[in-house]
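Subject: Structure for you to look at

Hello,

Here is the structure I said I would pass on. Please open it first and then read my notes below.

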There are 2 protein chains.
Amino acid sequence: MDSQTLYRQLADHYLAAIKAGTLAQGERMPSVRSLMRKHAVSLSTALQSLRQLESEGWVEARPRSGYFVRRPWSKTILPLEEPSVSRPPDPAQYVGIHARVSEFIAQGRRHPVKVNLSGARAAPELYPAEELKNAAIRALRREPGMLVRGTSPGGNAHFRTVLARRAMESGMVLSPDDITVTHGCSEGLNLALRAVAQAGDVIAVESPAYFGLLQILESLGLRALEIPTSATTGLSLDALELAMRTYDNIKAVVVVPHLQNPLGSIMPDEHKRRLVQLCERRAVPLIEDDCYSDLVDVAAPLNAVKSWDRSGNVIHCASLSKTLAPGMRLGWMVAGRWQARVTMLKYAQSHDNEEWSQLAAADYIASPAFERHLRRLRTALRQQRERVAEAIATAFPSGTRLNMPDGGLTLWLELPNKLSSDKVFEAAMQEGILVAPGAMFSNSSRFDHFLRISCGFPHTRDIEEAMRRLGGIVAMLSRKAA
Amino acid sequence: MDSQTLYRQLADHYLAAIKAGTLAQGERMPSVRSLMRKHAVSLSTALQSLRQLESEGWVEARPRSGYFVRRPWSKTILPLEEPSVSRPPDPAQYVGIHARVSEFIAQGRRHPVKVNLSGARAAPELYPAEELKNAAIRALRREPGMLVRGTSPGGNAHFRTVLARRAMESGMVLSPDDITVTHGCSEGLNLALRAVAQAGDVIAVESPAYFGLLQILESLGLRALEIPTSATTGLSLDALELAMRTYDNIKAVVVVPHLQNPLGSIMPDEHKRRLVQLCERRAVPLIEDDCYSDLVDVAAPLNAVKSWDRSGNVIHCASLSKTLAPGMRLGWMVAGRWQARVTMLKYAQSHDNEEWSQLAAADYIASPAFERHLRRLRTALRQQRERVAEAIATAFPSGTRLNMPDGGLTLWLELPNKLSSDKVFEAAMQEGILVAPGAMFSNSSRFDHFLRISCGFPHTRDIEEAMRRLGGIVAMLSRKAA
C-alpha cells in the first residue's frame, strides 16, 4: 500500500470517529507521536492525516497544543433553493450592467466606508508578501537584463513550464507552448471571447455571474444569455441544452466550474464531462474561468473542465490574483484550437507580459512554500467563512437563505420576503457598511433580493458588529416589506 | 539675459564657426575652462552649450579628451520624394495585414538569422538595466505589500504624478488623475480606438504606418484609410482634409507626430495646431501615438499634439518601451473626454497595471539619471544611424532614396527601379540578414519597393558587412529588374 492511501485511511478512521461522536467537539486528537506508535506509521503519514482532516475542516491546530476536533458549522439557516430550469432564459430581460455597477461604486465612494464586505478579495496579510519580495529581488539580481530586453512571445519559458507542470495535477497534459501568459484572468477572458465571437453575438453565462464578466461582455458588444445555475452543482446542463435548442446564435459558453462567483458552487466531474461533450457536439466553444480552484477545501486538486477536452474546444483561463498575489496581475490561458488567433490578439492588445513578475512567481510556485501557503490560506478562509455564516445565522431574520461553499472568499444569500438588496445596500451604506447587492450579478432583476458578502478578512470585532447591524437592517426592512 | 539664452548664444557662436569651416571636422573644441574664461560664463553655461552642440550632432565627446567637431553626415544619397496628395486614398486597395506580417515573421523563423536589421528596437546595452534593477529592488523593499494588495485604479499615484510633471515639458498641463497607466503604448492605442469606434468603422492613418497599428485595427475589425504622409513633415493635412470631405465615415485619426514609424518624419508645430483644429471642426477624435518623442535630437522636448487640445478631443498615448525599458511594458494615456469610457474598458480588458514597475520607473524618471540616459541614448542612436546611412550611400546603387530623420531607431529607403522589397527580403534571408520589407507597412501595394532598416544596434563589423551584402543584393536585383 502506498503512503498516499495510508494517510487517507488513517484520516478516514478518525473521521468516522468524529462523525459518530466518539471524538467530541473540542476534544484533543491523538498526538503525532501516539499516532505513529498506535498505527505503526511514519511521522510524515501521521502528520499528513492530521493535515488532511484539518484541510477538510474536521480538526484545527492550536499553537503548541496539538490538534482538536472542531465545532462543525451549524446549519441553522435555510440553504439556497435550486433554480427553475424548465423554461429557456429570456434575453429580452437584458439590463446594461456597467451603468449599474458604476452606480454602486459611485455610491460607495460618496460615503465613508468603515467595513467593506463588498469585495471578492482576501486580506493582504493572508498572502506571502515577504517571500514574493525575496523571489522578485532574486530574479532581478539574476537577470537585470530582462528589464531592457524585448519580452518573450507567449510569456517567460520558465514560468510556462512551472504552470504546465502544475496543470498536470488538475488533469491537464500541456506543453509550455500551449500556455499564453496574460494580465490576470480578465485579459484571458477578453482574448478568449474576442477569439471566438464578435460584437452582437450571444454568450451563455451562469446566472448569477461575476459582474466583471458581464462588464467584459458588454464592453465587447456581446450579449449575455443567463443560464440557471445551482448553488451546489453549478451551471444547469439541462437549462443550457434547452437554451441551445431554443437559440441558434449562442457563440460560446463561459463557465466557472470551481467556486463560481458569487454562488460558490462546484461542478461535479460528471457535469464537467457532459458539458464538454455538449459544447463539442453543438460546436460551441467552451470558456473555462478557473481562478478559484486552489481555494477549494480538498486535499487533491479538482479536475479542470479542460481535462475532458479532446478537440481543443475548451479555452482554459486562470490566474494567481486570488491565490498568490493580488498585486501581481498574473494570469494565463490555454486557448486550444484558437491559440494562433489568441496569440495575434494578445500581441495586438498588449504585447507580451513583462518578465520579472513571471520569474518571481515561477520561483515561488515551484517551491514547497506555495503549497504550504495555499493550505494556510484555505484554513484561514474557511474559518472566516464559518464565522461570517454563523453571524448571519444569528443576526439575520428567519427566511434568509444561505449557501455554504466548500471554499472561497464570499457568501451568497437570499433575503426573506423578496426584500430588495438595493434598499439593504443603501441603509447599510448610511452606517458605513459596504456590501455587494444582487443586482450587480445579473443583467436581469432575478437577484435583486440577494447579497454577496465577503469572507476574505480576518473576523474582527468590527466585522462581527457590522454583521449584527446588517442583520438588524434586513430584519427591519423585511418587516416593512412583509 | 537669462542663462537659457546665454548658452544658446554661445552654442550658436561656435555653430557658425563650424558651418563656415573655421572649426574643421575632427578639430578639438575649446575646453570648458577656456570657454568660461573667454566668454565670462559660468561652468554650467559653458557645459550646456557644448552639450547642446553635441545633442544636435555638431560635436562629439571623447573620453578624457574633450569635445571635437564631428564629421557631418554627407548627403550623397537622394532624399525621399514627397507623396502625391491630389486624389483621395482608395479604401478598396485594402489587403489584410496580419496574414502578411505573419508570413514575413514565419519566413524569418525558417532561416538562421545572423544580422537582424528588421526591428525598431535599440540594443539592450543602451538602456540602464542596473539602475532600473536597483530602483526596482528599492521599491520592493519599501513596499512589499504592493505585491499582495489590490492595484490602484488608473495606475500608481506617484508614477502618474511624475508623468504629469514631465508632460508639462511637452506643453501638456495635466493632473495625475487625467492619466491612465497601460501595458505599453499598444494597449493605449487599443483602448483609444475601442473608446471612439466600433467594428466596421474607418480610421485614418499615416501611409506608410507601423504594422503593429494596422494589426490593432484589423484585430478590432476597423478599416484603415491610409493618408499620404511626408517623410519630412508627417501626415499631409491637405490629403486628410480631402479624405474627410470625400468619406463621411472616418471615426478617428491616428497620428505619430514625432519620428513616425517607419518614415521618421516630425510634424511642425503649425501642422499640429491645424490638425487639432481640423479634427475638432469635423468632430473626429484624434489619437496621438507619441512613444518616440524622447528620441528626437533636440535639446528641448517637442510639443505634443495634445498640447493644442482645448476640448478633450485628442487622446494622447505614450510609453517607456522605446526610451527607458523595453522589458517593462509601461505605457500611459490621456483620454480627454473619453476618459470615463477608457477607464471602463481598461478595467474590463486587463484591470489596473501592477505597481512595482510603475514605482521603479517613477523613481528613475524623477532622478537626473533619466535625462543623462536619454542624452546618451540619443547620441548613440545618432551615431549608429549615420553609420548605417553612410553604408547605404556607399553600398546601394544610385537611384536609392533615403530619409535622414532627426532621431529614432530606423531608416526608411526606397529601392531603385521600383525593385520589389519582398525579393530583397528573400535574397537577404538566404544570407542570414533580416530586414523589414515595405509591404508590412501598408494595406496597399504602395510601399512594395521600400525597406525599413534598423539602426538600433552598435555598428559592428557584422552590420557593416551585412549592409555591404544588402547593397550588393539590391544592385544585382535592380539590374535584373531594369
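How many salt bridges does a search of the whole structure find over all chains? The search finds 46, where a salt bridge is a side-chain nitrogen of Lys or Arg within 4 Å of a carboxyl oxygen of Asp or Glu. Side chains of opposite charge can pair when their charged atoms come close. In one salt bridge, A:K346 meets A:E187 at 2.8 Å, N to O. A:K346 belongs to helix α11 (residues 339-350) of chain A and A:E187 to helix α7 (residues 184-196) of chain A, so the pair ties together parts that are 159 residues apart in sequence.

Some ground rules. This is a predicted model, in which local features need pLDDT of at least 70 and side-chain atom pairs count only at pLDDT 80 or more, while totals for chains, interfaces and linings use all residues. Residues are numbered from 1 along each chain as its sequence is written, chains are lettered from A and ligands numbered from 1 in the order in which they are written, and side-chain values use heavy atoms, with hydrogens and water left out. Helices (H or I, at least four residues) and strands (E, at least two) are DSSP runs, numbered from the N terminus.

Now the sheet. In chain B, eight strands make an open sheet with mixed pairing, in the order β4-β11-β10-β9-β8-β5-β6-β7; two strands pair if DSSP finds at least two bridges between them. Its edge strands are β4 (179-183) and β7 (234-235) of chain B, each pairing on one side only. Strands β9 (residues 286-289) and β10 (residues 314-319) of chain B run parallel and are joined by four bridges. B:I287 has B:I315 in β10(B) as its bridge partner.

Next, the interface. Contact here means heavy atoms within 4.5 Å, and 50 residues of chain B are in contact with 50 residues of chain A. B:L147, B:V148 and B:W356 supply 15% of the area that chain B buries against chain A, more than any other three residues; buried area is the accessible area (1.4 Å probe) that two parts lose on being put together, summed over both. On the side of chain B that touches chain A, α5(B) gives the most, with eight residues.

Regards
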